[in-house]
Every structure is written in structure tokens, then in C-alpha cells.
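Let me put the sequence and structure up, and then I'll walk you through some of the details.

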Amino acid sequence: MKAEFTIPVVTNIPTTPSVVDGAMAHSRPFVAKSDHQSALGFPEELVEDWHDRALAKMKELLGKYRSLQVFMDSCVKCGACTDKCHYFLGTSDPKNMPVARQDLMRKVYRRYFTFAGKYFPWLVGAVDLTREVLEEWYSYYHQCSECRRCSVYCPYGIDTAEITMAGREILASVGIGQKYSNEIIGKVFKIGNNLGLPQPAMADTLLDLEEEIKEDIDVDVRLPLDNADAEVLLVTPSADFFAEPHVDGLIGYAKVFHQAGIPWTLSSHASEAANFGLFIGNDESMQKVAARIREAALELGVRRIVVGECGHAWRVAYSYWNTLIGPFDFLDPNYPAPQHICEATYDLIQAGALKFDKEQNDDKVVTFHDSCNVARGSRMGNMPGGQFIIPRALIRASCNHFVDMREDSIREGTYCCGGGGGLLTDDLTELRVKGALPRVQALHEVIEQYQVTHMAAICAICKSQFTKVLPFYSLGMDMIISVHQLVGDALVMGSEQ
Amino acid sequence: MSIVTYLYAGAFYLAALILVVGVARKVGVYARTPAPYKIPTTPAPITMPGVAWRMFRETVFFESLFKASKWTWLFGWIFHFAMLIVLIRHLRYFLDPVWLWVAIISPFGVYAGWAMLLGLSGLWGRRFLVDRVRYISAPSDHLMLALLLAIVSTGLMMKYVWHTDIVAVKAFFLGLLRFDPAPLPSDPLLLTHLALVVILMAVFPVSKLLHAPGVFFSPTRNQVDNPREFRHQGIRSS
Ligand code: SF4
Ligand code: SF4
């Protein structure tokens with residue numbers, strides 16, 4: 001793959017780079033156009049009194065989020081987080097060290113909101129809020145995928161994602177939003193999903209898929225849309241409807257429901273699990289996007305809500321839904337609300353409702369990429385860490401050959417794919433390729449050692465990101481697959497036991 | 001009584017006031033600010049006792065730091081633990097009679113003083129030797145370490161080189177507690193040691209030393225992972 005930037009070298013031993021000041025200072029995503037801004041209630045362009053409005057917004061957020069207030073004060077500059085961010089490891093830019101990313105805001109916080117910064121700015125590194133500072137925020141708060149890896153290692157649990165979200169919220173509120181995220185949120189408001197896929201197109205796509213499955217395995221597996229008799233509403237990232245390899249995951253879910261005899265449906269009103277309101281730190285947007293799902297569930301009269309494979313969507317569903325759009329007292333209390341598709345499949349396996357022919361996947365040696373938002377921002381099952389156990393259990397149930405990557409690159413220490421947090425856009429290709437380095441490094445190791453052929457994931461963003469960036473590292477784009485593709489391929493269909 | 005005694009008595013009262021009021025105000029702000037959403041860094045405990053145990057491991061063993069960087073953990077943990085012992089040793093200046101457990105721990109305070117020196121030197125060394133840590137260090141970060149090192153050094157020098165009249169020092173502090181100061185010996189080493197402590201107390205609420213109360217309010221550490229089971233409504237106002 002040719003690139004206009006230097007592709008990092010995958011070495012045999014992972015190393016921490018020396019800092020190269022300003023290495024990624026040029027990286028910035030496209031700025032939101034006026035209509036992308038106004039659809040979300042943000043000013044259309046940089047407002048004249050941006051300075052005062054930015055500070056007022058910062059003050060508001062400091063009073064709204066304990067996390068932000070405590071994190072601004074508590075950092076001791078111990079440096080424990082400095083080598084934990086994949087964007088620093090991949091770019092060498094010191095401002096991509098989590099603490100330095102926080103400091104972009106902290107030095108302004110100190111200048112205007114603390115005694116030390118007001119009277120002794122030079123001592124504590126406090127600076128005035130200038131246009132340059134704002135530009136720097138725009139650049140580096142869009143070099144953070146809000147993956148929370150840094151928060152695992154910080155002795156005070158400082159989560160840079162919270163600060164990035166606040167930074168983006170402040171920027172958008174003075175008129176400098178990010179095009180990619182804001183445009184997508186606008187589409188969900190208007191049409192119901194990130195892709196802007198209207199109901200008829202969705203219905204067509206699902207019919208095509210049903211035919212495809214029929215041709216493939218000669219079973220009438222349905223992918224129902226707006227079916228009022230359904231017990232389960234499946235909400236999944238819209239990429240699952242036709243992006244590769246996502247769609248094979250969707251087929252996998254359909255096969256599981258079919259085989260378990262669970263009446264289920266998709267909804268054209270809530271045709272999107274993704275919720276980019278989280279990425280831009282705007283809880284009003286997050287609530288508005290999520291509200292469609294509650295509406296659809298009530299409208300269709302379903303008893304359960306199941307969420308498809310998507311990292312941040314699962315974080316929003318698991319951690320935020322109950323607060324934002326709950327309570328879910330209209331759903332069946334015998335099931336967690338919401339439930340992850342992996343939990344649903346896992347429970348069916350435990351109950352003996354699914355049979356597998358693992359040999360169907362014998363052409364693969366599989367490893368598993370823990371998605372950051374699932375790993376560090378949510379849970380599955382009823383024990384801490386279930387989010388690591390359950391997807392692996394599904395892979396083991398459907399594959400004979402599974403290996404894990406290096407311990408510090410999986411589970412709670414997992415590296416982000418490099419494209420999360422609203423950065424999955426072509427105007428950030430360099431950042432995405434470089435940010436993928438630590439994951440590619442760990443993948444490279446298991447390829448060398450165990451001849452791994454495929455990496456399974458449970459996140460639409462991870463899947464799209466790896467499809468795009470793996471070729472830059474001379475790896476096949478089709479290495480990345482859905483966990484439910486493995487499940488679907490190995491699932492024994494039909495009633496003969 | 002000398003002017004020095006009055007000066008130091010006044011300084012200690014003022015510093016103590018700044019420390020207590022300053023920290024109380026910050027804690028008030030932390031406590032009042034809502035935590036509207038569930039954001040524990042997972043895997044997280046799913047019960048309240050589980051969270052208490054997580055906070056215990058975090059504040060006593062520095063668990064996350066241990067995961068992150070063994071050297072920083074080693075120096076940081078040695079420094080903090082040694083400081084605790086040294087502080088306990090210093091309780092004898094405020095207690096009459098000295099409690100038994102304080103008396104038992106006190107002798108270790110001397111070694112702990114050396115351990116503090118070691119820990120602080122290691123932490124400061126990192127600020128010069130590791131390019132990433134050098135990059136994030138502001139003047140205040142260096143000064144804070146310098147201040148602590150100076151306090152420890154003057155303390156150790158009083159133990160080993162120029163002794164001071166510790167009976168008089170004790171009388172002074174017991175006097176402070178009764179709002180009836182007794183004369184303070186005026187040898188330079190003691191006065192330096194105490195002046196630096198006064199500075200440390202006064203800057204506590206306006207510096208990164210706020211990490212001490214802050215860690216208990218960190219939502220990524222102190223929240224229970226149960227958003228599906230219980231509807232979290234952390235918004236108090238609005
Ligand atoms: S949240 Fe992730 S991307 Fe952002 S600074 Fe931390 S480690 Fe880096
Ligand atoms: S690990 Fe935490 S306290 Fe240490 S430098 Fe990073 S953010 Fe600051």
C-alpha cells in the first residue's frame with residue numbers, strides 16, 4: 001500500500017519511541033460545515049466572542065462533570081500514562097501522550113480557574129486561551145479515540161477520554177465542530193442511521209441477504225424489519241447491513257435467532273446502534289440518538305432489546321441507556337436490558353440450544369481483538385471481566401484453532417484499533433494507520449508464532465478500520481472478521497439433531 | 001518570648017487554616033459536582049464492598065501505577081509509605097503522653113527518612129532521564145520535589161549533624177495546640193525545616209497535592225459497575 005507518509009515499521013520487539021515534538025501537529029480532520037453544526041444546535045461557524053464562550057462552556061462542564069473537575073486537579077505528572085496511548089506509540093508526538101493531551105486543557109484551566117495559574121502562570125505552565133491554543137485542541141482532541149487505555153494505568157484513574165470529550169464539546173460550542181461526527185449524527189436525527197439508509201433501501205438489503213443465505217445453505221433464515229410480533233428488537237450498527245466483513249456478522253445473528261426459534265426484528269426507526277453523541281461529548285445528542293431505540297421498542301411492543309457487535313454502541317447501551325432513556329420496566333425482567341448479542345448467543349449455548357460444527361472453521365487460526373469500549377467501558381454477563389470471557393467462549397465454541405495475543409495488548413490493556421472515537425474518516429488516514437501500530441505489532445507476533453490467519457472483533461469501527469489499515473502493513477484486509485461470522489459459519493442449522 | 005516564636009506560631013496557624021479550609025472547599029466542590037453517568041473503568045467491581053476493596057488496593061498498594069510502570073511505582077510507593085511512617089514519628093511532638101503505637105513505630109521513622117530521600121531522588125531522576133517525563137514536567141513539578149527533598153534533608157541533618165532541642169520543640173507545638181505558644185529554639189536548621197513545612201501546608205490546596213483527596217472522588221475508580229441493574233441518576237441540580 002502506498003502512502004504519503006511514512007508507515008511505521010513493525011519490529012520484533014515492541015519499543016517505546018523517543019519524543020518527536022510536533023510530529024503530528026499537521027493532523028486535523030475536516031471542520032463541520034454550517035449545516036452539520038446547526039443540525040446539532042451548535043453555532044454555524046467560529047463565533048466572535050469565542051474566547052468568553054469557550055471559557056463559559058468550560059466552567060459549565062467543570063460544574064457538570066465531577067470527572068472533569070477531579071481530573072483537572074489531580075494529575076501529578078507521574079508519567080505512568082505516557083507510553084500507554086497507541087497514538088503516541090505510533091506517531092512519537094509527545095502531545096499524544098495522555099497527560100500531555102490533558103495538559104492542553106489543564107493549562108487553560110489553571111490559568112482561569114486556579115489560584116496558582118492566575119498569579120503564577122509560568123510556574124505551573126498555565127497559558128492564556130488563544131486561537132493557537134484552540135487550533136491545538138482541535139488537532140490533538142481529534143487524535144484521541146477515547147479508548148480509555150490511559151485510565152487503566154493512571155493511579156487516579158484519570159480518563160483522558162473524558163477530557164477529549166469536553167474539549168470537543170467546547171470546540172463545537174464555539175463553532176468548530178468535526179465534520180465526520182456531526183454530519184453522521186445529523187443523519188441519525190433525520191433518517192435514523194449513520195449511513196442515511198432509508199427504510200425501503202433497508203428492506204431491499206435485508207431481502208437480498210435472505211436470498212443469499214438461502215442460496216448458501218438452503219434454509220429460510222429471515223431478517224425481519226419492523227415486525228410487530230417480535231420478542232427481540234435487534235439494534236445493530238448500520239454498517240452491518242452491507243459493509244464487509246460486518247454483514248457476515250449480521251447473517252450470524254440471524255442464524256442464531258433462527259436456530260433458537262426466537263422471533264426477532266430490526267427497526268427502520270431505530271436502525272442504528274452507533275451513537276456518535278458519545279464521541280463529541282454532547283449528551284443531548286447522545287440522548288436524542290438513543291431515544292429512537294426506546295421509541296421503537298415501545299412501538300413494536302418487544303420484550304427484549306439486543307445490541308449487535310459494536311464497541312462504543314455497547315458502551316452507550318450498557319452504561320448510558322438506563323440513565324438516558326430508561327427505565328426499561330416495559331421489557332422482560334428475565335433478561336438484562338439491554339443485552340449484547342454475544343450474551344444472548346452465549347446463554348443459548350449454555351442452555352444447549354445451539355449445535356456447532358467447528359470443522360467449518362478449520363481453515364482458520366483465529367485471534368481476538370478486544371474492542372476498547374467493550375473492554376474498558378462496559379461488561380457482559382454477571383461477573384466483572386465477562387466482556388473478555390464471553391466473546392472468547394463463542395469463538396472457542398465455533399473454532400478449533402484460537403490463540404490470544406500478547407497479554408498486555410488484550411483484555412483491559414487492549415489497544416484501540418486506531419479508528420475509534422469519531423476518527424474513522426479518510427481525512428485522518430495517516431493518524432489511523434499510525435495509531436494501529438501497537439495492535440498490528442501484537443498481531444504480527446501471533447502470525448509469526450502461530451500462523452494466525454484471522455482476527456475476530458465485535459465492533460463495526462474496528463472492522464472498518466482494520467479493513468482499511470491492514471493493507472498498509474502488508475496484511476490482508478480480509479483478516480478481520482466478525483465473531484458472529486465464525487458463529488454463523490459453524491452453527492448447525494435445521495432441526496435434525 | 002522571641003519574635004521568631006511569634007512569627008512561627010502565626011505562620012503555622014495561618015498555614016493550618018489555609019490547608020484545612022482550602023482542602024475542605026475543594027472536597028466540597030468535588031462532592032457537590034454531579035457524576036451524571038456511569039463511567040467506571042471496567043472490569044470494575046459490581047458491589048459496594050468490591051469498590052471499597054478496589055479503592056483500598058489503589059490507595060494502599062497503588063495498584064494501577066504498579067500495572068503501568070514498575071520504577072515509578074517503586075519510588076512512588078517507597079516515598080509515600082515512608083512519609084506515612086515519618087508523619088507518625090512526628091506525632092510525638094503533638095502528643096503528651098505519646099500513644100503506645102506511635103512510640104512503637106517511631107524508631108522506624110529514622111530509616112523511613114532515608115527511604116523518603118531515596119524515593120524522592122528516584123522520582124526526580126525520572127524527570128531528567130526519561131524524555132517523556134521530562135517533556136511533561138513544569139517548573140512546579142521540579143519545585144515540589146525540591147521542597148520535599150529539602151524538608152527531608154533538613155530533618156535528617158537535625159537527627160545526625162546538628163541536633164536541636166527537641167524537648168523545646170515539643171513544648172512549642174503542644175503550646176500551639178493550646179493556643180499558648182512556648183519559646184521555639186532558634187537554630188537555623190530547625191527554622192528552615194519548619195518554614196519549608198509551612199510552605200508545603202499552604203500550597204497543598206492550590207497544587208497537584210490535591211491528588212490526595214482527588215483519588216477518592218475519581219468516578220472511574222469509585223463507581224460500582226451496575227448500570228443495568230440500577231438506574232443511575234447522578235444529576236443533582238438542573
Ligand atoms: S483515551 Fe486512548 S486515545 Fe485517548 S489519550 Fe487515552 S490512550 Fe490515547
Ligand atoms: S498517569 Fe495520571 S497522574 Fe500520572 S501523568 Fe498520567 S494522567 Fe497524570
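Let's start with a pair of strands: strand E5 (residues 366–368) of chain A and E6(A) pair in the parallel sense over three bridges. When I say helix or strand, I mean DSSP runs numbered from the N terminus, with at least four residues of H or I for a helix and at least two of E for a strand. Two strands pair if DSSP finds at least two bridges between them.

Before I go on, a word on the ground rules. This is a predicted model, where local features need pLDDT of at least 70 and side-chain atom pairs count only at pLDDT 80 or more, while totals for chains, interfaces and linings use all residues. Residues are numbered from 1 along each chain as its sequence is written, chains are lettered from A and ligands numbered from 1 in the order in which they are written, and side-chain values use heavy atoms, with hydrogens and water left out.

Back to E6(A). Which residue there is the bridge partner of Thr367(A)? That's Met455(A). E6(A) also runs parallel to strand E7 (residues 480–482) of chain A, and three bridges join them. In that pairing, Ala457(A) stands opposite Ser482(A) in E7(A).

Now the side chains. In a regular strand they alternate between the two faces of the sheet. In strand E6 (residues 454–457) of chain A, His454(A) and Ala456(A) point one way, Met455(A) and Ala457(A) the other way, and all are buried. Buried here is under 20% relative accessible area, exposed is over 50%, and partly exposed is in between, using a 1.4 Å probe and protein chains only.

There's also an open sheet in chain A, with four strands in the order E2-E1-E3-E4 and parallel pairing.

Next, the ligands. Ligand 1 is surrounded by 14 residues, and the closest are Cys85(A), Cys144(A), Cys147(A), Arg148(A) and Cys150(A). To be counted there, a residue needs a heavy atom within 4 Å of the molecule. Helix H4 (86–91), helix H5 (98–113), helix H9 (149–153) and helix H10 (160–173) of chain A are the elements that give two or more residues to this shell. By class, the shell around ligand 1 has seven nonpolar, three polar and four charged residues. For the classes, Ala, Val, Leu, Ile, Met, Phe, Trp, Tyr, Cys and Pro count as nonpolar, Asp, Glu, Lys and Arg as charged, and the others, Gly among them, as polar.

Ligand 2 has 13 residues around it, the closest being Cys75(A), Cys78(A), Gly79(A), Cys81(A) and Cys154(A). Its shell divides into 10 nonpolar, two polar and one charged.

With those cysteines on the screen, how many disulfides does the structure hold? Zero, over all chains, where a disulfide is a pair of cysteine sulfur atoms within 2.5 Å. Take Cys310(A): the nearest cysteine sulfur, that of Cys459(A), is 4.9 Å away. Cys310(A) is buried, at a relative accessible area of 1%, and Cys147(A) is buried too, at 8%.

Most residues other than glycine have a negative phi, and most peptide bonds are trans. Lys77(A), though, has a positive phi of about 60°. Lys77(A) is in the loop between helix H3 (66–74) and H4 of chain A, and at 4% relative accessibility it counts as buried. Ser92(A) has a positive phi of about 65° and lies in the loop between H4 and H5 of chain A.

As for cis bonds, one runs from Glu244(A) to Pro245(A), with omega near 5°. Pro245(A) is in the loop between E1 and helix H13 (246–260) of chain A. Another joins Gly326(A) and Pro327(A), with omega about -5°.

Last, chain B, which has 12 helices and zero strands. Its C-alpha trace spans about 65 × 40 × 40 Å along its principal axes, and of its 238 residues, 51% count as buried.
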